[in-house]
Amino acid sequence: MFKSERPSNQNLNQSELLFATEDNMQLLSNHMLSKLLTRNVCSRISNNLCAATVIRRDFSSPKSEKRQKLLRYPALKLDKTIEKFLKTCEPLLTPEEMEKTKCVAEKFVSEDGKKLQTLLEKAAHKEENWLSNRWLKAAYMQYRDPVSVWSSPGMTFPMKFFINDDEWLRYAAKTIMGMIKYKRKVDCGEILVVKMGKHELDNSQFKLVYGTCRIPHPQEDKMDYNPDSNYVVIIHKNHFYKLPVYDKSGEILNADVLEGQLIRITSSQTERGIPYGVLTTNKRDDWADAYAELLKSAKNAETIRTIQKSLFTVSLDACVVAFKNTILADRALQLIHGGNVCRNGGNRWMDKTIQLIVNPNGMSGFCYEHSPAEGQPVALIADYLSKIVSKEDEFKTGSSKDFERYTKLEFDTPTDCTMAQIDEASSNLNGLVNNFQLHVIQFKDYGKGLLKQHKLSPDSFIQMALQYAFYRLHKTPAAQYETAHLRIFYGGRTETIRSCSNESVAFAKAMLDEKMDDKQRAELLRKAVDGHRKYTSMALMGEGIDRHLLGLKLMAFENKLPTPEFYNSPGYIKSMHYRVSTSQVASKDDAYMCYGPMFDDGYSCCYNPREDDIFFGVGAWHSNKETCAVRFSKSIEEALLHMKKILGPPPTSDADKKGSADADKKPKSKL
């Protein structure tokens, strides 16, 4: 479904290389920690970057002895990072704030920062990647807000139309089998490895999404990995079922067998069960308290452990009505939170890395908790499913005998404390559902095809459109981010692309300046696009700003040193307050990803640029009176139309001219 980093046998166009997009985290910074969330979605990098080519199979598989040739993650030069940092702050600060930030930054380089830099360089010398484990701990495991809406995105599949429940369950069975077939590819080291320029991209995250579960603990969660699990967990009407997906010899079960099991499961209970799953949607410390209460029962402990060890969960949801004017948003909302607890909000286990969700109304997709990995592995699974789910021959293989039947997982009679915790979690989820505003649009006037004709990076162009849309709506620039993958490094995670720049603000102001003509505006647009493209290239090579600054702060924390004044400077605080959190998830299908905004006064915007149209999933909070997802969506559409106008018609290529000339030579008719 989603356009992946798995290219054909030919070299990819430079604009076709994917990169993961995720929110930056200002970690260990008191109250702001709870607002900075992580996003792991797949995006394309802009034009003119290093081409990617398939080079070989994934030799880093556990079943192979060879290891990928990757780079060590470095500690950058502090003075160079601060120089780049100051440039990115400038469009967001007043002259007085900028001057104060410069003074604090200079002091940081020569004093506190210098000492922390030495500590970071020592860590980089000892470890292949000084960031990866620290990032997992600080950005995810210590994150205390709910994963629902705040950090776990919903990734839609193309809409289906099921005539009856048999078709619904048949589709679910084929999807389950397809996901297990893909896991077999991962286990056998068949995931293709690509290069960015001369550097291989790390494939280790593919092994981390199956069988993985986040475990709630007070203050800091843990991760549990079970890659050798042989079953999935089905959730239906809030009841849980263990469903083996291999026969006793280890062969993948046939889709017919899985379908028969699903039919029996959905027929086994007519009433909804107690919504234990809603506890996983709560704030992490509250869920940790409820988790400890549940584990007092041996039966509960066994059931929960079975859920945690599953390869993934499958939510067979209750049918909900989809309205024509909101169906695009409804598709995503079913995945992000499932509605309130009276709908499908309790039919979940939000700690699982992959939750497959299938509704009888044709809505389906993934909700994924992405602590262990970025979005690329999940997107590739979705891409694979989209290609095979309609091919019946793909599902005629597999075993249909000597298999273990499903078993229902039982919870003990809930204590009064557990019931109170379920009620509280249900109330909190309902409040979150009511507060989250999502608006999805399909912009049909043009897509990336037109932008390529203008020789503009589609991703960078859309980033500038979002900058302009925010500026025209709020009359001020916004700190805006994307995130580049760091997969050229061992265990590489992400680096932030700071999309707001002096060039982007100059362009946005010119678009609203009546004294400017379209030629001047177009020139400023191209400068802004080029600036974004260059920053993207820099970030992909590990030469960004944010992870280095984070590393220095972590050195202070680990060595029990005071946090330097620099981290309270106007430039650092304002540039980290990302009012527009963006990502690109590309798909040829009518598919898109959505998630919640990072800040109370911000927007989330995930987009899918196709050849002739663009999907935008825009999120905001109803509780904030300054922001509105509908108004921002309209501003994005108006910005895109205005930008098309200033560019004028695309230039005609020599091939087009020759084709037109040849056409003129042909007779107009047979006479």
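Q: Quick recap first: buried means under 20% relative accessible area, exposed over 50%, and partly exposed in between (1.4 Å probe, protein chains only). How does glutamate 394 count?

A: Glutamate 394 counts as partly exposed, at 25% relative accessibility. Keep in mind that this is a predicted model: local features need pLDDT of at least 70, side-chain atom pairs count only at pLDDT 80 or more, and totals for chains, interfaces and linings use all residues. Residues are numbered from 1 along each chain as its sequence is written, and side-chain values use heavy atoms, leaving out hydrogens and water.

Q: Which residue forms a salt bridge with glutamate 394?

A: That's lysine 181, with the closest N and O atoms 2.7 Å apart; a salt bridge puts a side-chain nitrogen of Lys or Arg within 4 Å of a carboxyl oxygen of Asp or Glu. Lysine 181 is buried at 16% relative accessibility.

Q: How many salt bridges are there by this rule?

A: The count comes to 36. One of them joins aspartate 351 and arginine 284, whose closest N and O atoms are 2.9 Å apart.

Q: Is arginine 284 buried or exposed?

A: Buried, with a relative accessible area of 0%. Aspartate 351 is buried too, at 1%. Shared partners put both into one salt-bridge network, along with Arg144, Arg214, Asp221, Asp285 and Glu369.
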